[in-house]
Amino acid sequence: MSSVQLSGAGLAAVAFTNKGLASPPTALRVCTSRRSVRSLVVRAATVVAPKYTSLKPLGDRVLVKLSAAEEKTSGGILLPSTAQTKPQGGQVVAVGPGRTIGDKKIEVGVETGAEVVYSKYAGTEVEFNDSKHLILKEDDIIGVLETDDVKDMKPLNDRVLIKVAEAEDKTPGGLILTETTKEKPSIGTVVAVGPGPLDEEGKRQPLSVPAGSTVLYSKYAGSEFKGADGTGYIVLRASDVMAVLS
């Protein structure tokens with residue numbers, strides 16, 4: 001499961017590149033654990049020759065201009081290229097015409113210029129116009145960043161944004177837990193929900209988990225985020241929500 005940190009001030013984070021584009025409002029950082037680093041898959045980008053000046057996605061695919069890789073640690077230490085964290089967000093620069101479900105034409109739900117976060121290993125990397133891009137399906141986009149704070153993220157399709165409950169500081173017997181021994185919480189409050197998945201007729205099916213619900217979710221699902229104030233959030237598919245607590 002990936003972990004992404006968003007910071008409104010942009011400290012210890014990587015600002016989105018804005019070459020030829022409007023300046024994006026948000027910075028983000030991708031954090032990986034030792035375990036995930038061992039299994040990290042390095043993919044070479046497809047280089048598009050300079051003679052091609054246009055790249056138009058087909059179907060429900062989206063072209064995203066990637067944010068820059070992080071070159072320093074939060075303490076200011078320069079990172080070699082092999083250790084730089086891989087960005088997991090960027091700006092939409094082109095969208096496909098959409099797809100057809102049954103007799104209904106479904107347009108892509110994200111607009112050009114939107115700042116988005118996407119699934120970790122989604123899409124195909126492309127170097128185009130001297131910049132790194134990613135071509136991916138709309139369903140691989142986790143959400144749209146509408147402000148400087150992840151709490152205002154707009155989830156897409158069947159995904160939900162959850163504010164993670166704080167981990168318990170003590171055991172039931174009163175033993176104080178350290179940060180390394182605290183059990184990872186899998187309970188939180190739903191902040192926002194996506195419009196729902198499409199059915200076989202191309203109609204949106206509303207999600208059954210309303211905003212404001214306290215839920216129990218699958219422990220290893222979704223993508224984790226840090227808000228501007230350090231609050232933990234997670235975005236996952238509604239199918240990974242196992243129960244509503246009351």
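Predicted model: local features only at pLDDT ≥ 70, side-chain atom pairs only at ≥ 80, totals over all residues.
## A tour around strand β11

**The hairpin.** Show strand β10, residues 124–128. Five bridges join β10 to β11, and the two strands run antiparallel. Together β10 and β11 make a hairpin, with two residues between them. Now pick Asn 129 in the turn. Its phi is positive, at about 55 degrees.

**The other partner.** β5 and β11 pair over five bridges, in the antiparallel sense. Which residue in β11 does Lys 65 stand opposite? Select His 133 and you have the residue facing Lys 65.

Lys 137 makes a salt bridge with Asp 60, with the closest N and O atoms 3.4 Å apart. Buried or exposed: how do the two ends count? Lys 137 is partly exposed, at 37% relative accessibility. Asp 60 is buried, because its relative accessibility is 12% and the cut-off for buried is under 20%.

**Past the strand.** Move on to Asp 139, in the loop between β11 and β12 (141–145). Bring up Arg 237 as well, in strand β18, residues 232–237. Their side chains meet in a salt bridge, 2.9 Å from N to O. This pair links distant parts of the chain, 98 residues apart. Asp 139 is partly exposed, with a relative accessible area of 33%. Arg 237 is also partly exposed, and its relative accessible area is 25%.

**A further partner for Arg 237.** The side chains of Arg 237 and Asp 158 meet in a salt bridge of 2.7 Å, N to O. Asp 158 lies in the loop between β13 (154–155) and β14 (159–164). Here the linked parts are 79 residues apart. Asp 158 is buried, with a relative accessible area of 15%.

**Last stop.** Select Asp 60, Arg 99 and Lys 137 together. Salt bridges that share partners join these three residues into one network. For the overall tally, the count comes to six salt bridges.

Conventions. Residues numbered from 1 in each chain as written. Heavy atoms only, no water. Salt bridge = Lys/Arg side-chain N within 4 Å of Asp/Glu carboxyl O. Buried < 20%, exposed > 50% of the residue type's maximum accessible area, 1.4 Å probe, protein only. Helix = DSSP H or I, 4+ residues; strand = E, 2+ residues; numbered from the N terminus. Pairing = 2+ DSSP bridges.
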